[in-house]
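Okay, everyone, thanks for coming. Let me put the structure up, and then I'll walk through a few spots in it.

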Amino acid sequence: MLIFEIIMVAMAAIRANVLRAVLTTLGIIIGVAAVIAVVALGQGAQRRVEAQIQSMGTNVLTIRPNWGHFGGVRNVAQRLYVRDADALKRESNGLLTVSPVASSGQQVTYSRWNAHAEIYGVWPEYFAIHDHHLALGRYFTEGELQGRRRVAVLGANVLSNLAGQDSAALTPESILGQTIQIRGVPFVVIGILKAKGESGFQGPDEDIFVPTSTALYRLFGGRERLSSIEVSTFSPKEQEQAYAQIDQIMRRQHRLRPGDDADFQVFNAAQMMSTFNETNKTLTYLLAGIAGISLLVGGIGIMNIMLVSVTERTREIGVRKALGATRQNIMFQFLVESLALCVLGGVLGVGVGFLAAHLMTTFAQWQTYVAPYAVFTALGFSAGVGLFFGMWPARRAARLDPIEALRYE
Amino acid sequence: MNDVIIRTEGLKKDYVLGAETVHAVRGVDLEIHRNEFVAVMGPSGSGKSTFMNMIGCLDTPTAGKYWLNGQLVSELTDDELARVRNKAIGFVFQTFNLLPRASALHNVELPLIYAGVGSRERRRRAQEKLQMVGLGDRMEHKPPEMSGGQRQRVAVARALVNDPALLLADEPTGNLDSTTSQEVMEQLAALNREGQTILLVTHEHDIAAYAKRQVHLRDGIIEKDFMNHHGGAEA
Ligand SMILES: Nc1ncnc2c1ncn2[C@@H]1O[C@H](COP(=O)(O)OP(=O)(O)OP(=O)(O)O)[C@@H](O)[C@H]1O
Ligand SMILES: [Mg+2]
């Protein structure tokens, strides 16, 4: 009963100066909104990558260069070469399907259109490894690979990316057999892939695939370095064996002595997921930490305004005490006020955070997901900030001497 | 007599200001009975307000003893004193001390809120007291919308709403013109006739004349204590 009355009194104090209340809670609003938006981004990225990794298939192993340590100095990434892929193919006795991957973003032009696309230099086996399928035309052949021929297989969305508004003018049929320019180098379009949708790993919908040799020598300036080598087994059962073989072959290729650290890494879907999750978590914590600091700053703002409020209302406190309010009553009144301010800021902040997440998705195409736990944590935090930073002003109010308070002008 | 409401014994209050000590009240022995109407008088700085604050349990004495309704209140804690103020004492201040943003009704309800009285009962009692002081038609008005006399009557209603054993008024007419002062004093006199015990501080003799008894302070001690000739003859 009394508690309810005191809550009403605190609310009335906030209502009496809504503008000030909102300005005061701005710090909290920004802090909470930042927490919500940052966590939404992290969660969104996580969901997206999870889906991608899932779709990549459990049979696929990815070999990447490792960051080497030599004499305690963090060195540049070690290299992967086409000859490594050759060795894997040659020496695995048909257990592994292998394709090197060299990739780079390039400008693509056709007719009066141009667009940006990721160019992948791969072997014909790549399409089987990732279970891609043709909508039209054909893949490139072993002969075209050996001959460094300028032929390209396009992802399903490349055409619409090129044509933009007037996509009706550019049909798959019309471009097949035509020549497009990749970084100014002419390529004949020989095939177009079926769409895989959003969950496709590394595209393929937005990407263009050309023979590895052509990519390395005609597009990427003779640079021999691969971004990865991708390998699949026929079934997940053979993965253990595949790991062992890859390790053995790669070690020999890179002339590592027994006991040397590997200068390459082999990932499968699950491992990539956990690596990504770890990175993502660290990043989310870091950003949430920064957001937390802004909450803290917001809390200091609340404390400041509550101290002002206590001073302004010294007489009111004196009157209430004279009429029988105990220390506890007064303390509770001001605590409720700062708590309500912070929770108000928290609720507004959650709203702004939702909006920010929505805007990021709409305008930057970043996938976001506002997790319920983030909302509750943010609200809980702002309530905690309200209690913590409201405590000192409330105690000051509670300890005021009634006579001095009544005499205060 | 056994209906003693206030009894003080050697009540003292010192204020320490750096190296100097101000002896504001220097040993007051006083007894006030139920249904008395006492005016405390004296020159400025004689310790009237200091004395009243101790009687009102807003302040604790440096030395001496004070019984209110037979309870030794000079040794209570802050929160116990708050409860005594809430239940047994009603204050009327020179500067009204109403909450400016709250309605007259809410101002009068305040002591009942801290007494834990339910909202309906609270409203009923506050309305009754406001009607009693002649403000039945001003209950939703806020203090800044009222005249000084009306504000002081709201304060009187607030002081009475808990049915206190003791009504304390420190210069209640200090901020009012003489006509309004008389109205407020008539009100207090009427309350006293109905049995309310009142202790009043004033500078003015015509205000003190409304009381039945006068206590004069000088330099923190009682200089004179006598009955007004028109007042009741009890002692
Ligand atoms: N908080 C305080 N700190 C220090 N000295 C004080 C304090 N309050 C009162 N005094 C001193 O105590 C003495 C008595 O003050 P008090 O307010 O009781 O006088 P008063 O009789 O009410 O005077 P007035 O008629 O002017 O209201 C004065 O000398 C005053 O300066
Ligand atoms: Mg005084």
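So, let's start in chain B, where B:Lys129, B:Leu130 and B:Met132 of α4(B) meet B:Val154, B:Ala157 and B:Leu160 of α5(B). Contact here means heavy atoms within 4.5 Å. By type, the residues of that contact between α4(B) and α5(B) are five nonpolar, no polar and one charged. For the bookkeeping, Ala, Val, Leu, Ile, Met, Phe, Trp, Tyr, Cys and Pro count as nonpolar, Asp, Glu, Lys and Arg as charged, and the others, Gly among them, as polar.

Before I go on, the ground rules: this is a predicted model, where local features need pLDDT of at least 70 and side-chain atom pairs count only at pLDDT 80 or more, while totals for chains, interfaces and linings use all residues. Residues are numbered from 1 along each chain as its sequence is written, chains are lettered from A and ligands numbered from 1 in the order in which they are written, and side-chain values use heavy atoms, with hydrogens and water left out.

Helices (H or I, at least four residues) and strands (E, at least two) are DSSP runs, numbered from the N terminus.

Back to that helix pair. The axes of α4 (residues 119–132) and α5 (residues 148–160) of chain B come within 9 Å and cross at roughly 135°. That makes α4(B) oblique to α5(B). Axes are lines fitted to C-alpha atoms, for helices over the stretch in contact, and angles run from 0 to 180 degrees between N-to-C directions. Under 35 degrees counts as roughly parallel, over 145 as roughly antiparallel, 65 to 115 as roughly perpendicular, and the rest as oblique.

Now chain A. What angle do the axes of α12(A) and α13(A) cross at? Roughly 140°, and they come within 10 Å, with α13 covering residues 327–364. α12(A) and α13(A) are therefore oblique to each other. On the α12(A) side, the contact uses A:Glu316, A:Ile317, A:Arg320 and A:Lys321, and α13(A) brings A:Arg327, A:Ile330, A:Gln333 and A:Phe334. That contact splits into three nonpolar, one polar and four charged residues.

α12 (314–322) of chain A also turns up against chain B: the buried residues of α2(B) pack against it, together with elements of chain B including α3 (104–114) and β7 (166–170). Those buried residues of α2 (residues 78–88) are B:Leu81, B:Ala82, B:Val84, B:Arg85, B:Asn86 and B:Ala88. Buried means under 20% relative accessible area, exposed over 50%, partly exposed in between (1.4 Å probe, protein chains only).

A:Ile175 sits in α8 (residues 172–175) and counts as buried at 0% relative accessibility. Leaving out residues up to four places away in sequence, A:Ile175 touches several residues, among them A:Tyr110, A:Leu154 and A:Ile192. A:His132, in the loop between α5 (125–129) and β6 (134–137) of chain A, is buried at 5%. A:His132 and A:Lys194 are 62 residues apart in sequence but 7.4 Å apart in space, C-alpha to C-alpha.

Most residues other than glycine have a negative phi. B:Asn69, not a glycine, has a positive phi of about 55°; it lies in the loop between β4 and β5 of chain B and is partly exposed at 39%. B:Phe96 has a positive phi too, about 65°, in the loop between β6 and α3 of chain B, and B:Phe96 counts as buried at 10%.
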